[in-house]
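Here are my notes for your first read of this structure. Keep the model open and find each residue as you go.

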Amino acid sequence: MTASAEYTDYTTGEPVADTKAPKGPINERWDTRRFEARLVNPANRRKHTVIVVGTGLAGGSAGATLAEQGYHVVQFCYQDSPRRAHSIAAQGGINAAKNYRNDGDSVHRLFYDTVKGGDFRARESNVHRLAQISVEIIDQCVAQGVPFAREYGGLLDTRSFGGVQVSRTFYARGQTGQQLLLGAYQALSRQIAAGNVEMHPRTEMLDLIVVDGRARGIVARDLVTGKIDTYFADAVVLASGGYGNVFYLSTNAMNSNATAIWRAHRRGAYFANPCFTQIHPTCIPRTGDHQSKLTLMSESLRNDGRIWVPKAKGDNRPPNEIPEDERDYYLERIYPSFGNLVPRDIASRAAKNVCDEGRGVGPGGQGVYLDFADAIRRMGRKKVEEKYGNLFEMYERITAENPYEVPMRIYPAVHYTMGGLWVDYDLQTTVPGLFAVGEANFSDHGANRLGASALMQGLADGYFVLPATINDYLARNPHQDPVTTDHPAVREVLAETEDRLDLLLSVDGDRTPDSFHREVGELMWEFCGMARTDSGLRKALERIPQIREEFWRRIKVPGTGEEFNQSLEKANRVVDYLELAELMCLDALHRTESCGGHFREESQTSDGEAARRDDEFAYAAAWEFTGTGEAPTLHKEDLVFEYVHPTQRSYA
Amino acid sequence: MKLTLRVWRQKNADAEGAMSTYEVDGISPDMSFLEMLDTLNEELILKGEDPVAFDHDCREGICGACSLVIDGDAHGPERTTTCQLHMRSFRDGDTIDIEPWRASAFPVIKDLVVDRSAFDRIIQAGGYITAPTGSAPEAHATPVPKADADSAFEHAECIGCGACVAACPNGAAMLFTSAKINHLNVLPQGAPERESRVLNMVAQMDEEGFGGCTLTGECATACPKGIPLVSITSMNKEWLRATRKSARS
């Protein structure tokens, strides 16, 4: 595990290109692709097995839809039930270009807003398709019984989200993710009952099986018995979510992890834009070292809440005693046309800046106010309660402060990862037969995701895109040789997995898995968080291999591998964080421009905004794994903008 | 804060379980209950002991994974999920009993972790609307009166944690089952499967070995999402209606 060369001395390989998106007018590409994609005869579909890893919005909807089409689906989740995937925690809403408000929205505007919001680092064809499909998603979910908020006339209600000037976000109070996920879960449940989906809850994917260059299965561990097994298929779909938990503290679920995508990366799938991380501006600030995770307060709160800090440094008066003219509503001041609804990356950085100036509020000065006093005066407490009641309740539960009476305190936190496995227009990775959907791929959000677009992308991928494109792969590979456990490639992956877990159990050191996770997480937050510098990233890149070395010397995992062992699960996930963290830093180091959520202090405009450098960096960075601690190979996918011309984003 | 914890320890499904006593110190009132258990577990690991196994994931009160009986109450003294319970609800020097959900339909897997797959099978029996992908009509084709939509939402809030079962002296799953039936049956989209849904889900619920309902109301009191007790009455009405209808046909 020693590096043969400096990790920062990466090599640049052949460019990578999407070969699947058809040419021609952008609004016809998806239709054309669907027409050109080969189909599998319905009678032949049941002969194909597809593995789906994960049961969130992308995985749940993909599993259900593939099974409806007649494929045999074998699906996995680490949770005790597919209903608990972390999509369930998404609060605010889902975007769709329905234009029910007649406020000037259209597919093209949603496409434009998303490309611009992503700071021109996403692929136009994919984003346009996403905007087209958005309208079908709402129809699909309503048909499933998703109880979206409605107006008195019985029609669907919408609200506004950051980075846009139309009202296109459909919602179910502050629990939109829950309701959409339950819709997908119920559709999946119907297919489980029909025998079309073989569901394996409490089972975690530990590696990918590649035979003759194609993805043919996975190695997974039954988390109850500890048994490690192999599962084979004609194609594998990863819907395992993002990797925000590298940072230790994030809004991700405690067990959300990067193992499935990282192991796929090690087996040949390129990892694109790993440094593109979304820091969400409105989370509840941490209270102490015991903090195990952070809680998001929905972006929808920025519709009616006003963000401010005291004008004077070190003003310790309680917020209600600070007079109006001594408050700085800094987002409204700096960005008058979007005000409190600027995109997330901009709102987060602005919060960091005022805190760095010494004007932050609350313990340690790591917070800003999100104030509802005006909203309560304007529309009454009852209306505020109706719109945001459950969020206010959650805030009070965690902080013991009543947000109807004192302003909320919020601070940015890691929330979402735009980077992920590189996929082409068909959502296929660089390993044939391996697909990635939802947050696990890199495809649609560029360098910054707009609010209420994650749910849209997860469901677009799972309900509509993948089920159309995977046909083409299966139709072109109709008779793959059966794989069995005695195939050398299978034996090798299985043995590697068993060895890794045995090693974790045998070190018997003096540090817990959590202590290492926390250490690497804090390092990442400091050097690869909201602001990044050349020297900071180099420091992190020097430190990570040392932590890794120490990990394998000092890790302590109690118990055995043949039982329910949560420490072993955790330790194995940390192994992968310790490698992924390194790639994230390298990616951040090599991209010497700022764009979206990736802010390099060396590259900013005179007024402190992210300065992109399109001449050098208008590409997606797809990294190829060459060995642990070995310098990876960079493959660039040039981004061509035919419809939305890159400009300096302006929300002023 | 310094606390004494009495925790149910059980090596696996077949092993005998028993309460074990632990002391924890330096607990901050701002910690969540699960962060307090994290603290205990970090100490146990370093001592070479087996940490306490418990289910948890989102820690935001929405995934429904966490499931502890604390001092005899499902999810503890506040009306919330265990993950949203904070140590400020306890006092320095307290002794706290921590047990798993107790119900014959939820067998213990290890320590505080139970098997709730029976809930999944109840949903599989009919807790859905048959709407294959791609077949949906335009969303505004069927307006839904706001009152119905709100009522559906109120029931759809169920997080499937199982506190209702754990709190019920009979170990009944009526509140869970009725929440899903009321969510779907009130909507026009759910109408075509209205009868089969209630009949099949109730039959599956019985098959899973949940107890009968004697309307003690403990379920609704424990429910962290406030699913109302009247939900059960509505389900019973739906069931009667469906039974009569199927008898007639």
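This is a predicted model: local features need pLDDT of at least 70, side-chain atom pairs count only at pLDDT 80 or more; totals for chains, interfaces and linings use all residues.

1. Begin with one residue. S515 of chain A sits in helix 13, which covers residues 513–527 of chain A. Is S515(A) buried, exposed or partly exposed? S515(A) counts as partly exposed because 17 C-beta neighbours lie inside 10 Å. Now look across to D212(A). The two residues, S515(A) and D212(A), are 303 residues apart in sequence. In space their C-alpha atoms are 40 Å apart.

2. Stay with D212(A). This residue lies in the loop between strand 8 and strand 9 (214–222) of chain A. D212(A) has 11 other C-beta atoms within 10 Å, so it is exposed. The cut-off for "exposed" is 12 or fewer. Check the backbone too. Phi of D212(A) is near 50°, a positive value in a residue other than glycine. Most residues other than glycine have a negative phi.

3. Strand 8 and strand 9 of chain A pair in the antiparallel sense, over eight bridges. Two residues lie between the strands of this hairpin, where D212(A) takes its positive phi. Which residue of strand 9 of chain A is the bridge partner of M205(A)? The partner is A220(A). Strand 8 of chain A is mostly covered, with eight of its nine residues buried.

4. Look at the other end of strand 8. R202(A) is in the loop between strand 7 and strand 8 (203–211) of chain A. Its phi is also positive, near 50°, and R202(A) is not a glycine. Is R202(A) buried or exposed? R202(A) is buried, because 21 other C-beta atoms lie within 10 Å. The cut-off for "buried" is 20 or more.

5. Now the parallel sheet. Five strands of chain A form an open sheet in the order 7-3-2-11-19. The pairing is parallel.

6. Zoom in on one pair of strands. Strand 2 (residues 49–53) and strand 11 (residues 235–238) of chain A run parallel and are joined by four bridges. V52(A) has V237(A), in strand 11 of chain A, as its bridge partner. Helix 3 of chain A packs on the sheet. This helix touches strand 2, strand 3 (72–76), strand 7 and strand 11 of chain A. The direction of helix 3 makes about 165° with that of strand 2 of chain A.

7. With 30 C-beta neighbours inside 10 Å, V236(A) counts as buried. Leave aside its neighbours within four places in sequence. The contacts of V236(A) then include I51(A), L208(A), I218(A) and L434(A). For scale, V236(A) and N102(A) are 134 residues apart in sequence and 42 Å apart in space, C-alpha to C-alpha.

8. Step back to the domains. Chain A is divided into domain 1 (1–89 + 179–276 + 418–652) and domain 2 (280–413). Their C-alpha centres lie 33 Å apart. The contact takes 15 residues from domain 1 of chain A and 25 residues from domain 2 of chain A. On the domain 1 side there are eight nonpolar, seven polar and no charged residues.

9. Compare the record. UniProt, in an unreviewed entry, lists residues 50–455 of chain A as "domain: FAD-dependent oxidoreductase 2 FAD-binding". Over residues 50–455 of chain A, the chain is 29% helix and 20% strand. The end C-alpha atoms of this stretch are 23 Å apart.

10. Finish with the second chain. 63 residues of chain A are in contact with 66 residues of chain B. Which helix of chain A gives the most to the side that touches chain B? Helix 6 of chain A does, with nine residues. This side of chain A divides into 24 nonpolar, 24 polar and 15 charged residues.

Key
Residues are numbered from 1 along each chain as its sequence is written. Chains are lettered from A and ligands numbered from 1 in the order in which they are written. Two residues are in contact if their C-beta atoms, placed from the backbone, lie within 7 Å. Ala, Val, Leu, Ile, Met, Phe, Trp, Tyr, Cys and Pro count as nonpolar, Asp, Glu, Lys and Arg as charged, and the others, Gly among them, as polar. UniProt positions are given in the numbering used here, feature names are shortened, and annotations may be inferred rather than shown by experiment. Two strands pair if DSSP finds at least two bridges between them. Axes are lines fitted to C-alpha atoms, for helices over the stretch in contact, and angles run from 0 to 180 degrees between N-to-C directions. Domain bounds come from an automatic or database domain assignment.
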